[in-house]
Amino acid sequence: MHKARFISVEGIDGAGKSTHLAPMAQWIRAQGHDLVVTREPGGTALGEALREMVLHQPMNADSEALLMFAARREHVTTVIAPALQRGAWVLSDRFADASFAYQGGGRGVALAHLQQLELWVLADLQPDLTFLFDLDPATAHQRVVQGSPVLDRFEQERGEFFTRVREAYLARAQAEPQRFHVLDALRTPEVIFAEIKSVLLARFS
Ligand code: TYD
């Protein structure tokens, strides 16, 4: 049997991770793996309800962080952990790194609070591999504006916010180089996807 793997995909809004999710899932399944594809915030009925709130309702930064982790606890206990236990692979569109980047870097929520929540909510669960789509905020913003007519609370943020989010992501990647693979997201989707496949093959076959 194939060993269960947990893969997350991260990046600032507009970096292009969503473009790659379906092809990645298709490719992983074609290698013969049972795969659960999921997302955060979301992935469960409670998580999707909380997603609506955090994306659209004004709230303070600590409340936002707590709701992200509440959604994540439900996600971990009802979707991710059971899937991994039965030997399936899990591909998640964002996971805990997003809270360190957006609520920590972007909004300025204290790192110590996020670390406490991470310890509580994740216990010792971390992705085996995290792809970070790295792109400058100006290019990412152009892609967001072209792609969606209505912008959510995060997409409406300004360049400095996304500069801080990006820096927090890169700091996390630097602290855990064995878990992260940083992708230069300025390149064409074909080139990026080829790199993703070669990383998956090198790490997991
Ligand atoms: P995103 O994956 O960008 O959704 P979509 O591309 O389908 O609109 O996620 C929604 C937003 O949620 C995104 O702007 C980042 C934000 N977010 C946080 O701020 N903290 C978190 O912990 C997570 C998981 C997401």
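Hi everyone! Let's begin with strand 1, where Phe6, Ser8 and Glu10 point one way while Ile7, Val9 and Gly11 point the other, and all of them are buried. Please keep in mind that this is a predicted model. In a regular strand, side chains alternate between the two faces of the sheet.

Who are the neighbours of this strand? Strand 1 runs parallel to strand 3 (residues 89–93), and 4 bridges join them. In that pairing, valine 9 stands opposite aspartate 93. Strand 1 also pairs in the parallel sense with strand 4 (residues 129–134), over 5 bridges. There, glycine 11 stands opposite phenylalanine 133.

Leaving aside neighbours within four places in sequence, its contacts include Val9, Gly11, Leu183, Ile192 and Ile196. Phenylalanine 133 is also among the residues with the most contacts inside the largest nonpolar core, which has 40 residues. Apart from that core lies another, of 21 residues, among them Val90 and Phe95.

Now back to glutamate 10 for some charges. Which residue forms a salt bridge with glutamate 10? That is arginine 94, with the closest N and O atoms 3.9 Å apart. Arginine 94 sits in the loop between strand 3 and helix 4 (96–106) and glutamate 10 in strand 1, so the pair ties together parts that are 84 residues apart in sequence. Is glutamate 10 buried or exposed? Glutamate 10 counts as buried because its relative accessibility is 0%. Arginine 94, at 11%, counts as buried too.

A search of the whole structure finds 14 salt bridges.

Key: Residues are numbered from 1 along each chain as its sequence is written. This is a predicted model: local features need pLDDT of at least 70, side-chain atom pairs count only at pLDDT 80 or more; totals for chains, interfaces and linings use all residues. Side-chain values use heavy atoms; hydrogens and water are left out. Buried means under 20% relative accessible area, exposed over 50%, partly exposed in between (1.4 Å probe, protein chains only). Helices (H or I, at least four residues) and strands (E, at least two) are DSSP runs, numbered from the N terminus. Two strands pair if DSSP finds at least two bridges between them. A nonpolar core is a set of buried Ala, Val, Leu, Ile, Met, Phe, Trp, Tyr and Cys residues joined through side-chain atoms within 4.5 Å. Contact means heavy atoms within 4.5 Å. A salt bridge is a side-chain nitrogen of Lys or Arg within 4 Å of a carboxyl oxygen of Asp or Glu.
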